[in-house]
Amino acid sequence: EKVFITPHKLVCSNSDKKNGYLIFFDKGYAGGIKNGYTIFQLNVATGEMKSFTGILPAAFMPSHFQAIDGILLWGGAISTGLAYLQVVVLHTDMNTLTTKALELPVVGSEKEMILLCNIKKDTVENSFKVLKTHWVPSKNCVVEIAEYNLNGFDKEEDVLKIENQCMPINAYETAIDTSSKIFTGNFSYNGDLDWGVKFGPPKISSIDGIYFCKKKGNETEFSRVYSFWELKSFWDYVSPINFDSKELKELEKRNKNDKTSKLKADHYILAHDVIQMNNTYVLIAEVYVIMSGVQTISTLDPYVYRDHYDSHGKMYVCTINCGFDLKGNLLWDNTYKISKHVYNGNNQRVKSEFQNGELVTYCIGDSVISKKVLKSNVFQETGHSVRLDNGLVKYPVASPVMYNEEMIFWYDNYILIWGQEMFERNEKVFKKRIDRSIFYITKIKYSD
């Protein structure tokens, strides 16, 4: 057990073979000025803790974080006006306690944009992959893949284009073998950007579906795009943005296929590593929508309400699970619902692994872990779930709210979960509002 007190805000976490890492921003960090950060390194075997503090670039907000043997790569965006345009990736060496910024391309025009999509770690090659989408006015958008060694120097660069000149919006990479990689993400047919938004990046006019590409070396073996209307289960939990309920009912009366071919969404996917099962590639992805503004979230306690101020949060809605043949053709798809909460960062709400020859997923939400098994190309409930209970003393007439949870498989059927838990007492019941936020880590044994 390790207890430490910090006045900071937890923004991201990761781990390698020996250590866990937590990055905190100074309390009150607003993103608009330079401010400090603290990184904690915890040796999971000995409990030894090391910390490192530094100064952030102005207006920097991280979104991705990976660690290998004490080397941390964490990146995000800085604001160059009203839109998040410039990507920043920081390289921190916890052995020498130093941080430097990697040299990345700089946007060349007012309407040009580079977005950081993902940072992957390769523990075999001891390297990091940085994936970015690069939008240039009146030109195609491409995915740029840069590989860095542990010292933060370039090893290799590559570019991915998808078929029909579609615009990739985000990108996720999975290594199938030493030379073959699968890339997937969202795409847009027209790629128009709305630069009139007041906060965050410019809004994409429409998100039209997912792409699924395979590269062997520098050659593209196949490149496929699938509109959302081609995914039969996608609309089970997603509402279209271009039709209201009355219009949908009228369309359904006339022609269901006509309806689905016209539906548009503003939902993104957070893709997991693609899994190869015999002659099928299985993609598991979490579907989310970007939220902005102030939301009032009611808790189970009728006296307690929580205002969630978040100009760039993500509300996860459901999963989309797809099977493809070895040439990238869609074979089947299905979905299941996950709890609707707004989260920052890119933590997966769902984890998958093989158990006794079966592909299983664990989903965390509303402080409950549920398990599903892939049978006959459908993820089916096992009928068993585990509720988190940290055993903490709760305030009277107060409701705990867990958020920013992260889950990893540890060994056998043990799972580690950590995050933050907030307790609130409403000022209508008590004379003043009292909030308490706790960082927790919990070990769970999941048994059917």
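A word on the model before that. This is a predicted model, in which local features need pLDDT of at least 70 and side-chain atom pairs count only at pLDDT 80 or more, while totals for chains, interfaces and linings use all residues. Residues are numbered from 1 along each chain as its sequence is written, and side-chain values use heavy atoms, with hydrogens and water left out.

Let me begin with strand 2, residues 19-25, where a strand is a DSSP run of E with at least two residues, numbered from the N terminus. Strand 2 is joined to strand 1, residues 9-15, by six bridges, and the two run antiparallel; for two strands to count as paired, DSSP has to find at least two bridges between them. Strands 1 and 2 form a hairpin, with three residues between them. Towards strand 3, residues 36-43, strand 2 has seven bridges, again in an antiparallel arrangement, and there Y21 has Q41 as its bridge partner.

Is strand 2 mostly covered or mostly open? It is mostly covered, as seven of its seven residues are buried, buried being under 20% relative accessible area, exposed over 50%, and partly exposed in between, with a 1.4 Å probe and protein chains only. N19, Y21, I23 and F25 point one way from the strand, whereas G20, L22 and F24 point the other way, and all are buried.

Four strands, in the order 9-10-11-12, form an open sheet with antiparallel pairing. Strand 9 (113-122) and strand 12 stand at its edges, and because each has a single partner strand, one side of each is left without a neighbour in the sheet. The twist averages 20° from one strand to the next, where axes are lines fitted to C-alpha atoms and angles run from 0 to 180 degrees between N-to-C directions. Within this sheet, eight bridges join strand 10, residues 127-135, to strand 11, residues 142-149, and F128 has Y148 as its bridge partner in strand 11.

Next, the charged pairs. Side chains of opposite charge can pair when their charged atoms come close. If we call it a salt bridge when a side-chain nitrogen of Lys or Arg lies within 4 Å of a carboxyl oxygen of Asp or Glu, the count comes to six. One of them joins K215 and D158, at 2.8 Å from N to O, and this pair links distant parts of the chain, with K215 in strand 18 (residues 209-216) and D158 in strand 12 (residues 154-160), 57 residues apart. K215 is buried at a relative accessible area of 4%, whereas D158 is partly exposed at 22%.

Another joins E147 and K155, whose closest N and O atoms are 3.7 Å apart; E147 is buried at 9%, and K155 is partly exposed at 42%. In the pair of K372 and E381, at 3.0 Å from N to O, K372 is buried at 6%, while E381 is exposed at 53%.

I will close with a loop residue. T335 is found in the loop between strand 26 (330-334) and strand 27 (342-343), and it counts as buried, at 15% relative accessibility. Leaving aside residues up to four places away in sequence, T335 touches S233, D236, Y237, C318, T319, I320 and N321, contact meaning heavy atoms within 4.5 Å.
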